[in-house]
Amino acid sequence: MNMSSPDDEGYITISTRIAYENPWTRVREDIIRLPNGKDGLYGIVERGEFVVILPLGTSTDGHPTVTLVNQYRYPIKKRLWELPMGMWEAQPDAKIEDVAAGELREETGLRAQTLQHAGIVYQGAGYSTQKGHVYLATGLTQGNRQLEDTEQGMTCHTFLLSEVENMIRKNEITCMVSLAAFGLLRIKNMI
């Protein structure tokens, strides 16, 4: 595909080609002309929209709690503490709120009485088009988890909000999306 009109910032896409594609990810290679007239190359990872959910509950003694998942992330060969998150590749036209409710249920077994959309985040905007939606889940009731095959080995844990904050301070939570969602919810005084 060849394109010749500049975008709003003056970048011109000279050509684009799909370098790799599977059901979850497509890698595109664009030859571009920068606003200064020089040519460049961009490798772009295209992925569908995702959700990240902070399940906010209450302990038996009235303190706020947060439910996290712990899962092995193959690309970095480590287990990470994360907020529940995901995307529905097989249902790209699903309502984003339905995806949030579904991912929360799948990974934690929790059902939320209220899902409040807090904003959006981009995951790796320097190389990816993927956009995420941040939700706060409240009014939680526990049900059964419905893990996907790729989520086997994922565990689910509920912590006091103060413990989660301490995990962040100690750099025990290193998932960029979870940290961004937590920060967004905190700055909006939603948690």
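This is a predicted model: local features need pLDDT of at least 70, side-chain atom pairs count only at pLDDT 80 or more; totals for chains, interfaces and linings use all residues.
Me: Why is the pair formed by W81 and F159 called edge-to-face?
Reply: The planes of W81 and F159 stand at 85°, and an angle over 60 degrees counts as edge-to-face, so the name applies.

Me: Which parts does the pair tie together?
Reply: W81 lies in strand β6 and F159 in strand β10, residues 155–160, so the contact links parts that are 78 residues apart in sequence.

Me: How do you know whether F159 is buried or exposed?
Reply: Its relative accessibility is 16%. Buried means under 20%, so F159 counts as buried.

Me: What makes K77 a charge over the ring of Y74?
Reply: The distance limit is 6 Å from the ring centre, and the direction must be within 35 degrees of the ring normal. K77 is at 3.4 Å from the ring centre and lies over the face of Y74.

Me: Why do β2 and β3 count as paired strands?
Reply: Pairing asks for at least two bridges, and eight bridges join β2 to β3, which run antiparallel. I32 stands opposite G40 in β3. The two strands form a hairpin with five residues between them, and G37 in the turn has a positive phi of about 95°.

Me: Where does the lining of the second largest pocket come from?
Reply: This pocket holds about 400 Å³ of space and has 20 lining residues. Nearest its centre lie D7, T13, R28, D30 and I44. Strands β1 (12–21), β2 (26–33) and β3 (39–46) each give two or more residues to that lining. By type, the lining has 11 nonpolar, six polar and three charged residues.

Me: What lines the largest pocket, and which residues are closest to its centre?
Reply: The largest pocket has about 1100 Å³ of space. It is lined by 29 residues, with R47, Q71, R73, M85 and Q123 closest to the centre. At least two lining residues come from each of β5, β6, β7, α1 and α3, and β5 supplies the largest share, three residues.

Me: How does that lining of the largest pocket divide by residue type?
Reply: There are 15 nonpolar, six polar and eight charged residues in the lining of the largest pocket.

Definitions and conventions
Residues are numbered from 1 along each chain as its sequence is written. Side-chain values use heavy atoms; hydrogens and water are left out. On a 1 Å grid over the protein atoms alone, a cavity is a set of points where a 1.4 Å probe fits but cannot get out, and a pocket is an open set with protein on both sides within 12 Å along at least five of seven lines; lining residues have an atom within 4 Å of a point. Grid points are joined across faces, edges and corners, and a volume is the space filled by probe spheres set on the points. Helices (H or I, at least four residues) and strands (E, at least two) are DSSP runs, numbered from the N terminus. Ala, Val, Leu, Ile, Met, Phe, Trp, Tyr, Cys and Pro count as nonpolar, Asp, Glu, Lys and Arg as charged, and the others, Gly among them, as polar. Rings of Phe, Tyr and Trp (its six-membered ring) pair if their centres lie within 6.5 Å; planes under 30 degrees apart count as stacked, over 60 as edge-to-face and the rest as tilted. Buried means under 20% relative accessible area, exposed over 50%, partly exposed in between (1.4 Å probe, protein chains only).
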